[in-house]
Amino acid sequence: MNSTAPNSSKRADLPTTERPTGPIFFARWRVRLGYPLAIVVLLLAHPEARSIVVGGLLGAVGLLIRALAAGHLHKQDMLTVSGPYAHTRNPLYFGSAILTLGAALAMNSWIAAALLCGYFALFYSVVMRREEGELRFHHGVKFEEYAKAVPLFFPRLTAANLGQGAAASFSFAQYKKNREYRAAVGFLLLLVLLVIDWRLRWIY
C-alpha cells in the first residue's frame, strides 16, 4: 500500500480523525516471523520438477506486479494512484499473494501451502487495514475519493479515472529506491533451494 507522509501538519483537507493506533505487532513482525516460517515450510516441502516450474512461473507473475507497483510508489511523498495503484490500493500485497501461491505450489506440500497462505492472510489483512487508516489520516479527503474508486485488494479490470496523478509513468529509479529487487532475489533463492532438495531426493 501507499506509504504515509511524515509531516501531518501540512495536511489541509483532512477529516477530523485521530491517528490510527491499531495492532502494530502484525506490522512489526510480519517480516521477522517470515524467516523461521520459511525454514519450517522448506523442511516440509516435497518439490518435484513440475511443481518448481509451475510455482516459479506463477511467482514470476507476482514479482512482475510487485515490480510495476514499486516503480510507481513514492513512499512518504504523495498518495500514489498511478500504474497498478489505479486498479488496486494494494498492488504490492496483491503481487505478494500471487508470489505466496507460487511458492506454495513449488513446494508441493499441502501443509507448507496451508502455513504460507494462513500466515499471509492473517498478517497482511491486518497490515492493510492499519496502513489504510494511516493513509486516511495523512491524506484525508483525497484518500477517501481514491478508496471509493479503487478496491482494497482484488484489482478492478480497468484503471480508475483518478485525474492527473494517474498519468505518472513507471520509474526504474523508483523501483531501485524501493529495493524491490530483494523480493526477486529472495524468490530465486527459494527456487534454488527447492531444486537442490528435489535433486537430492531424486538421487537418494
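Let me start with a word we'll need: a residue is buried when its relative accessible area is under 20%, exposed when over 50%, and partly exposed in between, using a 1.4 Å probe and protein chains only. With that in hand, Glu-180 is buried, at a relative accessible area of 6%.

Before going on, this is a predicted model, where local features need pLDDT of at least 70, side-chain atom pairs count only at pLDDT 80 or more, and totals for chains, interfaces and linings use all residues. Residues are numbered from 1 along each chain as its sequence is written, and side-chain values use heavy atoms, leaving out hydrogens and water.

So what does Glu-180 pair with? It forms a salt bridge with Arg-66, the closest N and O atoms being 2.7 Å apart; a salt bridge here is a side-chain nitrogen of Lys or Arg within 4 Å of a carboxyl oxygen of Asp or Glu. The two sit 114 residues apart, Glu-180 in the loop between α6 (172-177) and α7, Arg-66 in helix α3. Helices are DSSP runs of H or I with at least four residues, strands are runs of E with at least two, and both are numbered from the N terminus. Arg-66 is buried too, with a relative accessible area of 14%.

Arg-89 lies in the loop between α3 and α4 and Glu-132 in helix α5, so their pairing ties together parts 43 residues apart in sequence. Glu-132 and Arg-129 are three residues apart in α5, which means about one helical turn separates them.

Finally, have a look at α4: 15 of its 17 residues are buried.
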